[in-house]
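Here is a short briefing on one protein chain. Look at the sequence and the model first, then read the points by topic.

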Amino acid sequence: MTALICGSLVITLSMGVRQVSGLFLRPVVDDLNFSREIFGLAVGLQNLVWGLTQPVAGLLADRLGARWVVVGAGVCYALGLGLAAVAPDSVLFVVGLGVLAGLGQSGTTFAVILAVIGRLTPPAQRSRWLGVGSAAGSIGMFVMVPATSILLDLIGWRSAMLVLVGLVAMTALLALGLDEAREPEAADPGAGGRGAVAVALADRDYWLLNLGFASCGFQLAFVATYLPTMLTDGALSTALAAGVLACIGAFNIPGTYLAGAAGGRYRKTRLLAVLYLARGAAMAGFLALPLSSASALVFAALFGLLWTATVPLTSGLVADLWGRRDMGLLFGLAMVGHQLGAFAGAWAGGFAFDRTGSFMPVWLVAIGLSLTAALCHAGLREQARPCALQAGAAG
């Protein structure tokens, strides 16, 4: 229980701080005098670095325990935000917010923490508790977005980011509670990390899972980065823009928990297909209506219910189909796909706006990806592979 509480708090802080990036876009761009595309590149690099280093963080956590992985990543995350806060130009800002913060997120977010939770809970309860851990990120978003908006108004973007540095540094202290009894290493080399990766990468369904999760990353990164600016460009207030993000976080708390609970009763593949179709419908409805406070808040509530509802279901599928022993590594690899999609979504929004003056082309791509993801999960076979059955017998 201590590991669940401390791990959930780590995700709350790490994901909460991560989700406020969009609020910094306008003040940073105005102060440092660079384009929205450059800001989008920084956020995109953050997602890309997070994704590419996630398997390494997951593997280290699987083999050595999560505690020291989270400590090191928390320190790196704080250093990255600190560098961005004092950056005099776009280069150091991108290195801090993009590279170092992304590296820090790889060890303080879903793959590492959910792997701990997945190993410590029995199969019958796993999906529910993964939902609890995933929902912790939404609590952070709900709390951090309005708090950061107030800080930006009161003390400016640089001082506000320094406050975030202090919050992220707390993840290193919380990591001390992430203690778990380690299972003995299997004698069969095929049971180790390389064997698990080889089995998964040879499996068509693992690639379908990754493709669907990449669509998720594209949608979330694009909406989180550019929705606040889209609203203020449309003559809505900055306070409302922050409130919309907070609303997403508020509704995502029950949405993610209920998705995890449902994953313990119903087929996760079907639930994921429905979730992605619902996301596409929510985005299409938002674009079809005139932009207003009411339409923005309704969209935030609907999209919030679906925001990270995919995470407990996807991570649960990894544990169910390929085994919990290497869950950190295998879900970390799935996060590579997710974060490649996130890089594309964060960068594409700024690229499209700087060239067309509109975010509409990227919205249309995001809607199309909902259908792609739904088809991927509809065609995925939800049946435990031999490696998962062996890991369950060993555990």
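Ring pairs join nine residues into one cluster: F222, Y226, F286, F299, F303, W307, F353, F359 and W363. This is a predicted model. Across the structure there are 16 aromatic pairs.

**Aromatic pairs**

- One of the 16 aromatic pairs is formed by Y206 and W322, with ring centres 5.1 Å apart.
- Their planes stand at 80°, over the 60 degrees required, so the pair is edge-to-face.
- Y206 belongs to helix α9 (residues 204-233) and W322 to helix α13 (residues 310-322), so the pair links distant parts of the chain, 116 residues apart.
- Y206 is buried, because its relative accessibility is 1%.
- W322 is buried as well, at a relative accessible area of 4%.
- F299 and W363 make another edge-to-face pair, with 6.0 Å from centre to centre and 75° between the planes.
- F299 sits in helix α12 (residues 293-306) and W363 in helix α15 (residues 360-378), so this pair ties together parts 64 residues apart in sequence.
- F299 has 3% relative accessibility and therefore counts as buried.
- W363 has 1% and is also buried.
- Both F299 and W363 are members of the ring cluster.

**A charge over a ring**

- Which ring lies under the charged end of R36? It is the ring of F353, and the charged end is 4.5 Å from the ring centre.
- F353 is itself one of the residues in the aromatic cluster.

**Helix packing**

- Two packed helices are described by the angle between their axes and the distance between the axes.
- The axes of α3 and helix α14 (residues 327-356) approach within 8 Å.
- They cross at roughly 175°.
- That angle is over 145 degrees, so α3 and α14 count as roughly antiparallel.
- The contact of α3 with α14 involves 20 nonpolar, ten polar and five charged residues.

**Distant residues brought together**

- A334 lies in helix α14.
- A334 is buried, with a relative accessible area of 0%.
- A334 and Q54 are 280 residues apart in sequence, yet their C-alpha atoms are 9.0 Å apart in space.
- S21 is in the loop between α1 (2-18) and α2.
- Is S21 buried or exposed? S21 is buried, because its relative accessibility is 8%.
- The C-alpha atom of S21 is 7.8 Å from that of A224, although 203 residues separate them along the chain.
- P386 is part of helix α16 (residues 386-394).
- P386 is exposed, at a relative accessible area of 57%.
- P386 and G323 are 63 residues apart in sequence, while their C-alpha atoms are 8.8 Å apart.

- N33 has a positive phi, near 60°, and is a residue other than glycine.
- N33 is in the loop between α2 (25-32) and α3 (36-64).
- N33 is exposed, with a relative accessible area of 70%.
- A235 also has a positive phi without being glycine, with a value near 75°.
- A235 is in the loop between α9 and α10 (238-263).
- A235 has 72% relative accessibility and therefore counts as exposed.

**Cysteines**

- A disulfide is a covalent bond between the sulfur atoms of two cysteines.
- How many disulfides does the model contain? The count is zero.
- The cut-off for a disulfide is a sulfur pair within 2.5 Å.
- C216 is buried, with a relative accessible area of 0%.
- C76 is buried too, because its relative accessibility is 14%, under the 20% limit.

Technical notes: Residues are numbered from 1 along each chain as its sequence is written. This is a predicted model: local features need pLDDT of at least 70, side-chain atom pairs count only at pLDDT 80 or more; totals for chains, interfaces and linings use all residues. Side-chain values use heavy atoms; hydrogens and water are left out. Rings of Phe, Tyr and Trp (its six-membered ring) pair if their centres lie within 6.5 Å; planes under 30 degrees apart count as stacked, over 60 as edge-to-face and the rest as tilted. Helices (H or I, at least four residues) and strands (E, at least two) are DSSP runs, numbered from the N terminus. Buried means under 20% relative accessible area, exposed over 50%, partly exposed in between (1.4 Å probe, protein chains only). A charge sits over a ring if NZ of Lys or CZ of Arg is within 6 Å of the ring centre and within 35 degrees of the ring normal. Axes are lines fitted to C-alpha atoms, for helices over the stretch in contact, and angles run from 0 to 180 degrees between N-to-C directions. Angles under 35 degrees count as roughly parallel, over 145 as roughly antiparallel, 65 to 115 as roughly perpendicular and the rest as oblique. Ala, Val, Leu, Ile, Met, Phe, Trp, Tyr, Cys and Pro count as nonpolar, Asp, Glu, Lys and Arg as charged, and the others, Gly among them, as polar.
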